[in-house]
Amino acid sequence: MDSRLPLLTVDTVLFPGLVIPVPVRDAQSRAVIRDLVENGGELVCGAVTIRDGYELGDRVFRSLHGIGCAASISEITMDAGNGATGALEGPMEVTLTGNRRFQVAELDAEGDYLVANVDWLPETPGDDPLGAATIAVNRFRRYAEAVTEISQPGLHIGSLPDDPSTLSYLMSAAMVLLTPERQKLLEATDTTTRLAHLVGLLDAELAAITALPSLPAVDLPWSNMSPN
């Protein structure tokens, strides 16, 4: 995979192996999609999460997190208001499949959008991925049961992957978390560390549900995501 990627700025965190729909509304992101389509070949970009930002005319200048995920675009859905021409000019939605994590090494802002030279981050297991996975799965099933009791449609997880790394990303995507917590999970140095952090988050969520059993129903993003 090329180490130079056009950047798609997104409001959520994309994890390796997960598939998510992402709205594309700003001019820079539309330009990324336009050029990828016009150039042919694989539709691959880097998905980086917005830290904060403001809009200035047709350009969007944003503070971005330094670690993101390479993504393949499998589907582009145009907004009905774009007209019959299908021109990539208005709002749209793209379906992204997460591939490999990267760290931005250098940014090129000379064109219509940001392009990054990236360093690929390895997927290392850490000290005890299997032990950490066993604990995390136990907590995650308790969390799913608790959420299902207090909200509809709840969280029905079924079978979980055996691979600890895949498991860690799937659970990271399925939990209802603020973006900074999701970003921390993406940036974890290894699988064991990510799973240990997940256990801490799950324990905090279980404690909150116990203290406030009448929490409002939430729509979990599980149905929109699947392992690659």
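What you have on screen is a predicted model. The chain has 228 residues, and 44% of them are buried. Its accessible surface comes to about 11,500 Å². Carbon and sulfur atoms hold 51% of that surface.

On secondary structure, there are five helices and seven strands. In sequence order the pattern reads β-β-α-β-β-β-β-β-α-α-α-α. Contacts next. Taking those with a separation of 6 or more, 71% are between residues 24 or more positions apart.

Now the helix packing. The pair I picked is α3, residues 164-174, and α5, residues 191-211. Their axes lie 9 Å apart, at an angle of about 35°. The crossing of α3 with α5 is left-handed. From α3, the contact uses Pro-164, Ser-165, Leu-167, Ser-168, Tyr-169, Met-171 and Ser-172. From α5, the residues are Thr-191, Arg-194, Leu-195 and Leu-198. By type, the residues in this contact of α3 with α5 are six nonpolar, four polar and one charged.

On to the cores. As background, nonpolar side chains in soluble globular proteins tend to be buried together. In this chain, the largest nonpolar core has 31 residues. Those with the most contacts inside this core are Phe-15, Phe-140, Tyr-143, Met-171, Met-175 and Leu-195. The most comes from α2, which gives eight residues. Another core, of 20 residues, lies apart from the largest one. Its members include Ile-20, Val-24, Met-92 and Leu-96.

I will start with Ser-165, which sits in helix α3. Is Ser-165 buried or exposed? Its relative accessible area is 16%, so Ser-165 is buried, the cut-off being under 20%. Leaving aside residues up to four places away in sequence, Ser-165 touches Glu-123 and Thr-191.

Second, Pro-16. This residue is in the loop between β1, residues 4-10, and β2, residues 19-24. Pro-16 counts as buried because its relative accessibility is 12%, against a cut-off of under 20%. Which residues does Pro-16 touch, not counting those up to four places away in sequence? They are Cys-69, Gly-98, Asn-99, Arg-101, Glu-123, Tyr-169 and Leu-186. Glu-123 is also touched by Ser-165.

Third, Ala-116, in strand β7, residues 115-120. Ala-116 has a relative accessible area of 0% and is therefore buried. Again setting aside residues up to four places away in sequence, Ala-116 touches Ser-3, Arg-4, Leu-5, Leu-7, Val-104, Glu-106 and Leu-107. One of these, Glu-106, is 10 residues away in sequence and 5.6 Å away in space, C-alpha to C-alpha.

To sum up: the chain has five helices and seven strands, a largest nonpolar core of 31 residues, and another core of 20 residues apart from it. Ser-165, Pro-16 and Ala-116 are buried.

Key. Residues numbered from 1 in each chain as written. Predicted model: local features only at pLDDT ≥ 70, side-chain atom pairs only at ≥ 80, totals over all residues. Heavy atoms only, no water. Helix = DSSP H or I, 4+ residues; strand = E, 2+ residues; numbered from the N terminus. Buried < 20%, exposed > 50% of the residue type's maximum accessible area, 1.4 Å probe, protein only. Contact = heavy atoms within 4.5 Å. Areas by Shrake-Rupley, 256 points an atom, 1.4 Å probe, with all protein chains shown as cover. Axes fitted to C-alpha atoms, helices over the stretch in contact; angles between N-to-C directions. Left-handed = near helix turned anticlockwise from the far one by under 90°. Nonpolar A, V, L, I, M, F, W, Y, C, P; charged D, E, K, R; others polar. Core = buried A, V, L, I, M, F, W, Y, C linked by side-chain atoms within 4.5 Å.
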